[in-house]
Amino acid sequence: MDLLQRVREHFEECVTTQQMAMEILGPSVGLAAEKVVQALISDGKVLACGNGGSAAVAQHFAAAMVGRFERERPGLSAVALTTDSSVLSAIANDYDYDLVFSKQVHAVGRAGDVLLAISASGNSANVIAAINAAHERQMSVIALTGNDGGQIGDLLVGDDLHLCVPAGRNARILEAHITLVHALCDTIDYMLLGGE
């Protein structure tokens, strides 16, 4: 296989995955936006977490909420639990890496807040622990996963939302997660600010 064909296959897989995700997950993005907006207007916040590429997605979401997505507006309350190196390293060192997000959820999460839990495999132990902590704090969960949803798919209860990307390849899942986050941010802005 030549290099150009290899590159083309990435784009083709990406487009196919994005189209499938749009068809399957589009309605759930609207429900997720409603959930976030309800939390925000009730003086709540969104806590976001994930590992590796999923940490980058969590941070990108928080940046778009606190700063802006594409339109000027006041900042919206969102925190990426992946960014404080002192907190992360202290919890990992003093307790266990599996607790780096859940201890933060217990510390700052409140009833009515939302946890955006991101794990491409659906099996990240520290994200699973964060979901359990969110439920203990009476928070709702929006989970972004891939594959078959992994263990996270089985943890979700009540009005939790599961946006499971229909793909098995990590790169395709993360690409779709970024698109889902962009669609979520845009829909939140539309609900708060109206049409352009």
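This is a predicted model: local features need pLDDT of at least 70, side-chain atom pairs count only at pLDDT 80 or more; totals for chains, interfaces and linings use all residues.
Local features need pLDDT of at least 70 and side-chain atom pairs count only at pLDDT 80 or more, while totals for chains, interfaces and linings use all residues. Residues are numbered from 1 along each chain as its sequence is written, and side-chain values use heavy atoms, with hydrogens and water left out.

Student: At what angle do helix 2 and helix 7 pack?
Tutor: Helices are DSSP runs of H or I with at least four residues, and strands are E runs of at least two, numbered from the N terminus. Axes are lines fitted to C-alpha atoms over the stretch in contact, and angles run from 0 to 180 degrees between N-to-C directions. For helix 2 (residues 53-66) and helix 7 (residues 170-193), the axes are 10 Å apart and the angle is about 15 degrees.

Student: Is helix 2 roughly parallel or roughly antiparallel to helix 7?
Tutor: Angles under 35 degrees count as roughly parallel, over 145 as roughly antiparallel, 65 to 115 as roughly perpendicular and the rest as oblique. The packing angle is about 15 degrees. Helix 2 is therefore, relative to helix 7, roughly parallel.

Student: Where does Arg 73 lie, and is Arg 73 buried or exposed?
Tutor: Arg 73 is placed in the loop between helix 2 and strand 2 (78-80). Buried means under 20% relative accessible area, exposed over 50% and partly exposed in between, using a 1.4 Å probe and protein chains only. Because its relative accessibility is 10%, Arg 73 counts as buried.

Student: Which residue has its backbone oxygen 2.8 Å from a polar side-chain atom of Arg 73?
Tutor: Contact means heavy atoms within 4.5 Å. Beyond neighbours within four places in sequence, Arg 73 is in contact with Ala 64, Met 65, Gly 67, Arg 68, Asp 189 and Leu 193. The backbone oxygen at 2.8 Å belongs to Met 65.

Student: Is Asp 43 buried or exposed?
Tutor: Asp 43 lies in the loop between helix 1 (3-41) and strand 1 (46-49). Its phi is near 65 degrees, a positive value in a residue other than glycine. Most residues other than glycine have a negative phi. Since its relative accessibility is 75%, Asp 43 counts as exposed.

Student: What is the relative accessibility of Ala 78?
Tutor: Ala 78 is found in strand 2. Not counting residues up to four places away in sequence, Ala 78 touches Val 46, Phe 61, Ala 62, Met 65 and Val 66. Ala 78 counts as buried, at a relative accessibility of 9%.

How values were computed: A polar contact is a pair of N or O atoms within 3.5 Å; within protein, one must be able to donate a hydrogen and the other to accept it, and residues adjacent in sequence count only if both atoms are side-chain atoms.
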